[in-house]
Structure formats: structure tokens, C-alpha cells
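Please look over the sequence and the structure shown below before reading on.

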Amino acid sequence: MYIREVKKQRSKDSKTFYQYTLAQTLRLEGKVKQNAILYLGSDSLLADKDNRRVVLEILRAKIFNQKDLFPMNAPKPLIDLALSYFEKYCLKYGQDSTGAASIPPAPDKAEFHRIDIEGLEVEEVHTFGGEHLCKQVLDKLELKECLSALGLSSKQTGRALISIAARALFTASEHKTAQILEINSALRPCFNYDESINHRELYATSDILYTHKDKIDAFLYQRISTLFHLQDRLVIFDISNTYFETRKSASKLAKHGRSKEKRSDCPLVVFTGVINAEGFIRHSRIYEGNKADTATLADMLADLQQHSATHSKQTVVLDAGIASEENLALIREKGYHYVCVSRHRLNDYPFDGEEKRVVALTDRGKSSVSLKTFRPEGYEDTWLYVQSQAKQRKEQSMDAKLKGRLEEELDNIEAALHKKGGTKRIEKVWERIGRAKERHSHVSSQYQINVAGKDGKALSIEWKKKEQTKSKADKAEGVYFIRTSYTDSSEEELWQVYNTIREVEATFRCLKSDLQIRPVYHQNDERIEAHIYLTILAYQLVNTIRCMLKEKGLHYDWKNIVRIMNTQTIQTLVLPTDKKTIHLRKPAKPIKEARDIYSATGCSQTQKPIKKYVVYH
């Protein structure tokens, strides 16, 4: 490495000056080339050859992390100049790598061989980064010790940990997961599991995990609480469902109901989650597909009382689907506080029109939100009026789209009255209008439709919009209400508590989209429950990694994390030398984004290479 001096002149009559570049001489493909590493500018201190030598020594020591960082008796201006160049170098290449610079290994730490380049091969390439990350985070969760304490053998424990990590990384069926473990992934070697794993063993493993569900959940949540110092003041309860592609006529769990994925044509199974403010699942249950949302709260409160580690009563956050009057009364009876969305709207509230008294905030999307607490007559709890600008835009957009579709159908029905062969009989016209109103039931009640006819034939169709009620107008304006058992909380505090329900939405979105809990292809109910529980365990691993990253300011979703980590592979290098053939099993160097993830989770970036020899005789 050296500092190159280049003489410059802007024109024939202008003054000459010098520019300096940090460079290195390399031999590539038998040819000597100069590699420009960093532009150093035209500082006058570099005009002196001795000064350049001192700056170069300081730079080299910093870049290659050598012990003697500064030459003896180096002037402070030269030290400051060299450090400024090193900062510039770190900005360009990163401080944790040598960037474009390279240095030969020390002879006493190197192993040199004469290698036949033409015979060099790379084989057994597997994905490594995600597997290595999941293995180390599972070690931090101490799940291996938990499973061993439950009586699982070492092989069963290894298969269980591999199953959880595989569900998080591959989100595939047991058949496909077994193929991935055999051909594509280094997950088994990461756990030092040498034997093959077939799909039947994966089925049996998930069954064993579900058998110990309560004990695993209790241990895992306690470990997570310790790891992240969780306060455990809020619990969020919500319900979702997943569907089956087959009829499942003999199943006791798979029943037809209201599908949240609009797949009411398929049998469903319902699962609930008790989730804390950080998105970790405390407890979960599985119900029949036709289970009503409101009928699941009593079980949740029983679980909360049985497994809660604290004697203080937590605040339960609910969505509107569960917040019936009976359930709210049950929560108060058990001694818990609640915050929920109201299931119905008020046509009258005491501060109607007093806009100056509302509290103005902004939501996560930087849209304005107006808040005001009040106590309506006939209710024991406190209500929070919410007018959201973002919800207003959403409601008005949806309303305009649905009304446009209904009016387009009415236009077509009216146009058919004046066409040859069009529907003109007044009974048939009303049938078409009825079907159109049924298809657009969300907005059809807002229209008054009249048909003028003569001699049993329709002559014209007229429609007009009805005057909206107060509750309908509020909905269009983005108004809704939040209810709470607290009596002395401010608008800001209630809004902050309610917004923790976003963690439930993120949890179920991760379960359904990232970990593909839906659809379910298993044939018996026990396997269905085991499949859902395995996915929940995989989610706990995923959320642990994401929480570690959030603490360091890295806000990646799980799919993005897997994509980044999959750039790091592990492969076997076959190096034919003049005396033996070396098989070197070694991971690739992770890219910067992967190194950031390793650093944020406190995990090592690689593992020791494995070296094997085949000696010639």
C-alpha cells in the first residue's frame, strides 16, 4: 500500500498542483495492476515525502487493526489528518472490514499449499445464515433445556428444535420440509444432528410438542420476560381462523363459519391468542370453526388467572368482535381493566359540535386524530370519541366505490328498458333491482329506488340518496368510539393503550402470511392442533429475533430477514494440492446487512471450518 502523487493542471496557463490517492499494487491474472482505494485530496501536508510516509503508516495500522497505531513522535497535525482519512475510509467500506485493502497473512499463522487451480471444486452448497441465526436464538431461549426437563431424549429434542426453526425458515409441509433439510439446508448440521429426518418423524415431533403445550408455553414466556425485561401490564386478546381445502366431514374441529379470509365456502378452525404489548403470545387455544368470538373470553380470563406471574391485575385490550356487554361485565367482575372498540355507535354524545375541546394527536401514519373522553348516560364505563383522518379517507373511498358499483348496475337495468330484448316486465325489473341491492347491501339501504310502469311494463327507474342518520354520518367522517373501565385516564394514555392492539394485527399477519398457518392440509384433529401449535412456537422464535432487532433500530419483517440471511451459504471447497486433497467445509462471509443482524441479536457470524484430508500414496 502506498500514497500515489499525481501532478494536475487545469489549463496550460494555470498553476500546477498535486492530488493524492491511497493505492495498492496487485497482481491479477499474471498482470500487475494498481488499485485506487481512497481519494485523499490535495492537503499541503502531503507534499512532503516524509509526511506521506507517516500518514501511510498510521492509515495502514488503523485499517489492518495493528497494535502500533501511531509512529514514534508523529506530529499531531499528521495524526489528525490520518484519522480524518480513516473516518472517510470507514464511511466508504465499513469499519469492521478491510474494504478494498488487503494484506498477506502472517507466515506463522498461515497454511500454504501448492493447489491445482484447474481442479478446484465447490460442492455441497447449503443455506446457512438463517439456520445459524435461529439455532443461536433458540439457545438463548434455553428451549433445549426445557424439552430435556420434560423427558424428551436428545434425538427428540434435536428434532423438536429443528422442526421449530424449519417452520420459521421454510414454512412448508412436512413432506417438503424433509426434502429441504436433506438437500437445501444446513439446519441439521447446525444442531449437530447427523441423521436424516423424514416427514413421519416431523409429524411425531409436532405431536409431542403439543402434548407438553402448557409447560412449554409457561417456560418460554417466563424466559422471554426475563430476556426482554417485560413489565407484563397489558394483555391483548383476539381471535382468528384458518381454513381447509378439503371437506373434513369427519372432523370435530373443522366447521363452517365466518371466515376472516372470505373463505366461508371452506371448513374453518378457530384459534385465539393472548398477546402482550411486545407481540409475544402468552397463551393460545383452538376451537371449532363455528365458535362465536364472544364465547371465547371466559377461557382467556381463566388462562390469565391460572398462568399469570404477577399478582397485579392487567389491562385487557379487545377488538369490537369480542367486546359484548356480557364480556365487559365479566372482565369487571374478575377485577381486570379493559380498553376496547365499541360494538355500536352513539347517535348523541354530550360534546357534539364542541370541536375546540377535543385533543389533537397524530397516528403512526402522521394523519391527524381528534380525541375526547365522556361518560354517556346508561353506561358504567368511560368512552373515548375518536375522529381519524386516515379512517375518514378509507371509509369515504370504500363508500364511493360501493355506491358507484350499485349506481352502475341501476344504470344498466334502466338502460335495458329502452333496448330491444331488454328486461321490461315490472316484476323482473324489481327482481334485478333486488339482486343488485343484495350484492351491495353495505350501501343499498342509503338509496330510495322507484320504478314507474304502465300495463305491467317498467318505463323508467329513479333513485336518490336518503338523508343519513347521525351514526352513518359519523362513520363516513371516520368517527368511532373506544370504551374503557378507567375513569381517570387522559385521552393520550387511552389512545396509547388502545394502539397496542396493532401488535395483535402484526402477530396474526405474521402467522398467516409469513409462517403460512393457512390453509391446513392435515386430516385428523390431533394433527391440526399440533400444526397450529408448531406454527405458534415458530412465531415466538421469529418475534424474539425481531424484538432484538427493534432494540437496535433494525425494523425488518421476517421475510426480509430470511432473504438477507440466505445470502450466507456454507459449502465444501475441494482443494487438490501436490501431496493431498483438502476438503474444507466453511461458511461464506456474511454481507453487511447479515452482519448487522448477527450483531443486533448477539450471535456469532460464522462457525469454525471443518477440514478433511485425502492423502496421495
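Does K213 count as buried or exposed, going by its relative accessibility? K213 counts as buried, at 13% relative accessibility, where buried means under 20% relative accessible area, exposed means over 50%, and partly exposed lies in between (1.4 Å probe, protein chains only).

## Basis of the report

This is a predicted model, in which local features need pLDDT of at least 70 and side-chain atom pairs count only at pLDDT 80 or more, while totals for chains, interfaces and linings use all residues. Residues are numbered from 1 along each chain as its sequence is written, and side-chain values use heavy atoms, with hydrogens and water left out.

## Salt bridges within helices

The structure holds 22 salt bridges, a salt bridge being a side-chain nitrogen of Lys or Arg within 4 Å of a carboxyl oxygen of Asp or Glu. One of them joins K213 to D217, with 3.3 Å from N to O; D217 is buried too, with a relative accessible area of 12%. These two residues lie four residues apart in helix α9 (residues 213-228), and about one helical turn separates them.

Another salt bridge pairs D139 with K135 at 2.8 Å, N to O. Both belong to helix α3 (residues 129-141), helices being DSSP runs of H or I with at least four residues, and strands runs of E with at least two, numbered from the N terminus. D139 is partly exposed at 36% relative accessibility, and K135 is partly exposed at 23%.
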